[in-house]
Amino acid sequence: MLVDTLFSRVANSKVVLLRFWGLLLVVFVLAVSSSAVAFWMTATPFLEKEREGVITSQATRDVHSLEAKLERFRVLLEFVSHAPPIVDAVMGYVDSTDAIQEFVGRLKLPSEVSWVRIYDAFGEELVEFNFDTEAQNPLVGAPLVDLVQNTNEEVEGFERHVVFARDDAGAHIAMASPVLFQGFTEGVVVVGMRIDADALFPANEIAKDTYIAKSSAISAGITNVPEDAIVVPLSATDLSVVLLPDTEVIEAAGSELLTRTVGALSLVLIIAFALFAALGRAVLVEPHRRLEQQKKSLAELAAVAKRANDAFLVTDSAGRIVWTNPAFEKLSGYSGKEAQGQKPGALLQGSDTNADTVEEIRTAIRHRRPIKTEILNYNKDGGTYWVSLGISPLRNEQGEFYGFMAISHDVTHERAQREAILSAKREIEHQALHDSLTALPNRRALDIALQSRSQDPRADATVVRIDLDHFKYVNDTLGHAAGDFVLCEVANILREETKSEDLPARVGGDEFVILLGAGKTSEDGRVVAERMLERIQQPKQFEKKTIRVGASFGVASTLDGLVPIGQLIVGADAALYEAKDNGRNTVCLYTPQLHHTVQGRRSLALEIRRAIVNEEFVPFYQPQFDAKTHEIVGVETLVRWRSPELGLMAPNAFLPIAEQLSAVDEIDALIFRKATREISELRQQGIIIPKLSFNVTAQRVQNPDMFLDLPKSSETGYQIAFEVLESVLVEEQSDLFNFSIDRLRDMGISIEIDDFGSGHASIVGLMHLRPDVMKIDQQLVLPLTKSETIRGLLKQIVGMADLMGLKVTAEGVETMEHARILTKLGCDTLQGFAFAKPQSVEDLRVFAKDWQPEQSALLRSSTG
Amino acid sequence: MFAKFVTFAVIGVFAWMVPPAKAAEEGVEFYIAADFLISAAAAQSIELGVQTALDEVGNALAGEPVRLIRMDHRSNVKRAGRTYQTYVKSDRALAIIGGKQSPPYLAHKEYINSNGVLKLLPWSAAGPVTRGNDGLENWVFRLSVDDAQSGKFFVEQAIEKDGCARVAFFLLNTGWVRANQKSLTAALAERGMKSTATEFFSSSIGEATAVSLAARTKRSQADCAVMLSNWVDGALILNTLHRADLDIRIYSHWGIIGRAFTEHVSDESRRALHLKVLQTCALRQERAGNPILEQALHRVSPEKAALKDLRAATGFVHGYDLTRVLVAAIEQAAPDDDWKSADITQKRALVRNALERIEQPVAGILNTYDPPFHPFEPGAVNAYEALGQQDLCFAQFSSEGQLEDAG
C-alpha cells in the first residue's frame, strides 16, 4: 500500500516529502559506506607502514638513549683509564693503590655505576671499587676475564666488547677500556653499571616491553627473541635493544583512527546532506506543499465566506463585482447574478451617503490601499442601512494586484445606540464646563483653557477679574431671584462685550473672569472692562424694581512680563483688591508697583513663618501705674518682631500679613510663653510686677489649645489679665466665646476691655461680658487737656464703670498734665509715655528697679 | 699484594724444585729486557752492541752456545717483573741486560737482589740501581752514566772548564731529576756556590710557563744553566730562551736526545745557547780513531763505519763494552771446576763473583777496564760502576743535527 503510494505518479506533498527523504537517506548511507570502504582500502597499507615506522622509530629512539648513556660511560671510562695514577699503577711505577683510591674517590660517578675494577697488562686485578652494595654482581666470572683479556690483547673489535647480564635488578653492563702507555695497552679499566631498563625505556603505548640483549647472542640463537620483536643493534657495542611492540594497542589505535575518520567523514557528509536536504526541501518539496496549501486554503476560505454572517464581495481589477456570498445577498437584496458585473458604489450608494466617505473610499481604491470605514448603503428596495466596511486589495503570489474584496456587516442598530450615548456624553461635558445659571463656562472650563494656553511656553494670556459690588445687598434685600437675574444680566453683558476668541467664565457667586484671546494686552483688558463697567452700572429692572449694582475690575497680563500664566489669576485678584481699595466701581491693572507690593507681602509672609520657628517675636512691656501712688501695678504685653534682617518691628508692620497667614495665634502663644517666663524671672530677682496683661483676639479666646499653656495665678504669684477689643462686644458673642471667657475667669484671669470708646460697644454687651477692667481708648484721652467735652464724656464713662464695679485704666497718658486730670477724673490706673514707653524685659528690669513712685507723685503734685 | 706474594712464592718454589738438567747441553741465554716498542732504537742499539761482542766470541761461552732473547717490557715495570720471574724459573738464563729506562730495575731491585738475578745495565743512569739493598747481595752492574756522579761532572765542566759564574738549574719535576738535583747542588756547594735559580717544571709545559721561566732566569743573571728534561719540554725551553735573547750556556743531560729534538730546535738556537749534551766519550774515541770501535763498527756493517750512522749509538757502545766485560767474567769463571757441576743459579753466582774480580784488563771502546768492577763492600758505593766521571764527555749537535764531541 505504502509502496503503491510512494511510486504512484500522482502524489500529494506528504508522499513527495517521503520520497525525498527516502532517497536522501539511501544516498547518504551509500556515500558513508563507500567512503568508509575507500578509506579502509587506501589507509590500511599506509597505517601498517606507519605502525612499523612508529615502532622502529621508538626502537631507534630507545637505542639512541642507550647509546647516549653508554657513550657517557665510555667517555668516563676513557677519562679514568688515562688518569696518571692508574697509568702509574698498571705500569708498576707505583706499588700502592692509594693514589687510585684517592682519584676514584674524587670522581663524581653516575649513579648507575655499580663497580670499577682495574687490571694490569696480565689481567691481574689491581684494585676494585664497589658502589652498589645492594645488587648482586652477575658479571663476574669468565665473561669478565675474557673482556679484560681481549682488551689487553687488543683483540680486533675489542672496543665493542661488553659484558652483559640481566637479572631482577636490571641490565648489568660492563665496559672495558685499555690503559694506554705511549699508545700501547698496559692495563684495563672495567666499569660495571646497572641500568634500570624501566626507567630508560619507559612503558608506553607502542612497546609492551623493551630490553637489552647481546647482539651476538641473538644472532647465535642463544638469546631468543619473539618473532614480532624489533631488534636494533647499538653501533658501538655488542648490544641490541629488543622492543616488543604492543600490537593490541597499536591495532586499537589503528581501528580508532579508522572509526574517527569515518566518523568525521560522516559528519562532513551529514552537513553536506543537511544542506542538500534544506535546499532540496525549499526548492522541490516546499513549492509543491505551498501550492497544495493554497488550494486547500482557497477552498476553505470559499466555504467560510459562504457561511459567514458578514457580506463578502469580490471585484476584478476594474472594480466590477465578480463574486458575492449569501450574506451579501441577504443584506443588499441583490442576488449574486444581479450584482455581478456591477460597480459596488453605483449599486449600493445613494443620495444620503456621505460624500466625504465615498471620496475617501475612492482614493483608497485608486491607490489600492486597504480601507476601513462606515457608510450608508441602499438596498434593492431603496431602504438605507449602515455598514462597517473593510476593503482590501487582492494580490497573487507574485504580489500582482487582481481585484478587491469588501467585507461588511450591518451596523445600523449599533450606530443609533452609539449616537445616543455620544449626545448624552456631550451634554454631560457641557454641564461640567458650564455654569447652569448663566450658561457661561465655569471655573473648570477656565482652568482647562488656561492650562492648555500654558502648554505653549510662548503663549501669552490676559485676564480680567470681575467682582460685583454690593451684590450681597441685592441678594439680601431683593431675594435670590433678583440676584440670579443680576448674574444672568452680567453674563449677557460679558457675552456681548467679548469676541469669539475671548472666554468669559463665572468662577464663583458674583465673580467672573474673562480670558482674552491670544495677543490681547492688559490695555485691551482695561478697555473691555471699562466698557462692561459702564453697562453693569446702568440700572436694571426686575419685577418692576430697579436694581443697581457696580463692579470692580482687576486686569493682569503675561505680556506685562510680571507673572506667568499660572500666577495670572492671583495677579488679577491683587489688581481687583486694589480696585476695591480704591473705592470700587473701577478698573485696576496689575502694575509693576502692585507686583512689588505683592512680592513684598509674600516675602514678608515667608519671613514671618521663619520668625515663628526661630522665635524672633519678643514681648515688650508698657508699665501701668496706680493713679494715686504711681506705683507699678502691672504691665501690658506688646509684641515686637526682632528680625535679624529687618530690625525691630512694631505690630502694624507684620500683623496684617500674620492675620492673612492665620499666624496670629501662634505669635500670641509665643509671646505669652516668653512673657510669663520673663516676668517670673524678674520676680525671682526681686522685681515684683503685680499684673501681666495680654491682648487677645476673640479667635484666640475660643481656641481650646490656649488653655493648655495657661498658668494659674496662684502658681505665678502675679495676676494675668487678657485684654479683649471693644469691637468683640459688638461682633462676637457666641456661646463658645462666652463659655471660654467664663472658663478664663474661673482660672483667675481677669478680663479687660481694650480701646473702650473707639467703637460702638453696647452697654448690654458690656454687662453681658462683665469685664474686670475697662481701658479707655487713647483717642479719648489725648484731646483731654484741650476739650472740656471730652473731660465730661470721660467723667461719665468713669462714673458708669464705677457703677458697674469696673476699674478704669487710661491709655495714651502722654503728659503729667493728662495724668493729673485723669487721676482727678477717677481713673484707677494710668499707662502712657508720660510714665514709660513699651520696653524690653532688660529695660523693664532697670526701670522697675529705679522707679521711685514718691518722686513721681511729688512731680505730679508740683506740676499740678 | 697477597696474591702477588703467593705467585712469587710459588714461582720461587718451582725454581727451587726444577733441576737444572741438560743446562750444559743446551747452552746459556742472555735476556735483553728492554722497551723494544717505545724506546725501540735504544733497545735495538743495545742488542746490536751485545750481539757484536758475542759475535766476536762466536756466540759461545765456556763451550756453550749463547742465545740472546728479547724480553720486551715496554717500560712496564710489571712486565719487567715477569721477565725476572721467567729468568728465575729458567735453567738457561744466565744474565739480563737492561734497557734505557731505570724504573723497571729500580722497582724490582729487591727482587733482583734477593733472587740472584744477574743484571747488567748498559744505559739506565739512575744512581741507586747499583747500590744494592741492605742485607742482600748486590746483583746489578752498570756500564753507563751514573747520575750519582754526573752532577759533579756538570758543575766541574761548567765552572772550571767554561768559566761559568752563575749557574741555574732547569729541572723536570720527576723523581729521577729530583735525585739528581741533590748531586748538582752538592757539587756547587763543594765550590761554595748556590744555583742562582732553580726552575722546576712539569712535563708538557706551555709557552707561558716557558716565557716566565726565561724571564726569571734573565733576572737571575745566570750565565750557565744545567737542564734535566725530556726532549719536548727541553726544546720549548731552549727556543724560548733563544727568543728572549738570553746570553746563557746550556748543559743538558742526555734526556733531550731522541725523536725530533733537532727538528724543533734550530741550529742557530743550539749554537746561540752553546748547547752541550752529556754523553760518554764514544765520540771522542771515534775521533781519536779507537781501533776497537772501528772493529766493532766494521763487524756490524762494513759500510757503516761511523757512530753517526747508528741510531742511539750510546746503546751500541755501552752494550758492546758491557758484553766484553761479561764475556771476560764468564771466561774467567768457566775454567773453574765448580762451573761444570754448577746449576744455573750457581753459575749466576759464579759470574757475579767473577765480575767483581776480573783479573785481566778488558779492552772496550770507552775504556780499557782494569778492572771494570770491584767487590761490593760497605763504602765502595761505586764498586759496580764500570764508568766514572772521567768517562763522561759533552757532545754538541752539528749543523746537520748529528752529535759530535764537544771537545
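How many helices and strands does the secondary structure of chain A come to? In this predicted model, the count is 32 helices and 29 strands. Chain A has 864 residues, of which 31% are buried. Contacts in chain A were taken between residues at least 6 apart in sequence. Of these, 61% join residues at least 24 apart.

Nonpolar side chains tend to be buried together in soluble globular proteins. The largest nonpolar core here holds 180 residues. Val189(A) and Ala225(B) touch the most other members of this core. Helix H15 of chain B, residues 313-333, gives the core its largest share, eleven residues. Another core, of 61 residues, lies apart from the largest one. Its members include Phe654(A), Leu682(A), Ala721(A) and Leu822(A).

Helix H17 of chain B covers residues 344-356, 13 residues in total. From first C-alpha to last, H17(B) reaches 18 Å. That is close to the 18 Å expected at 1.5 Å a residue. Several residues of H17(B) are buried. Among them are the nonpolar residues Ile344(B), Leu350(B), Val351(B), Ala354(B) and Leu355(B). The charged residues Lys347(B), Arg348(B) and Arg352(B) are buried in H17(B) as well.

Between the chains, ten residues of chain A are in contact with twelve residues of chain B. On the chain A side, six of the residues that touch chain B are nonpolar.

Key
Residues are numbered from 1 along each chain as its sequence is written. Chains are lettered from A and ligands numbered from 1 in the order in which they are written. This is a predicted model: local features need pLDDT of at least 70, side-chain atom pairs count only at pLDDT 80 or more; totals for chains, interfaces and linings use all residues. Helices (H or I, at least four residues) and strands (E, at least two) are DSSP runs, numbered from the N terminus. A residue is buried if 20 or more other C-beta atoms lie within 10 Å of its own, exposed if 12 or fewer, and partly exposed in between; C-beta atoms are placed from the backbone. Two residues are in contact if their C-beta atoms, placed from the backbone, lie within 7 Å. The expected span of a helix is 1.5 Å times one less than its number of residues. A nonpolar core is a set of buried Ala, Val, Leu, Ile, Met, Phe, Trp, Tyr and Cys residues joined through C-beta atoms within 7 Å.
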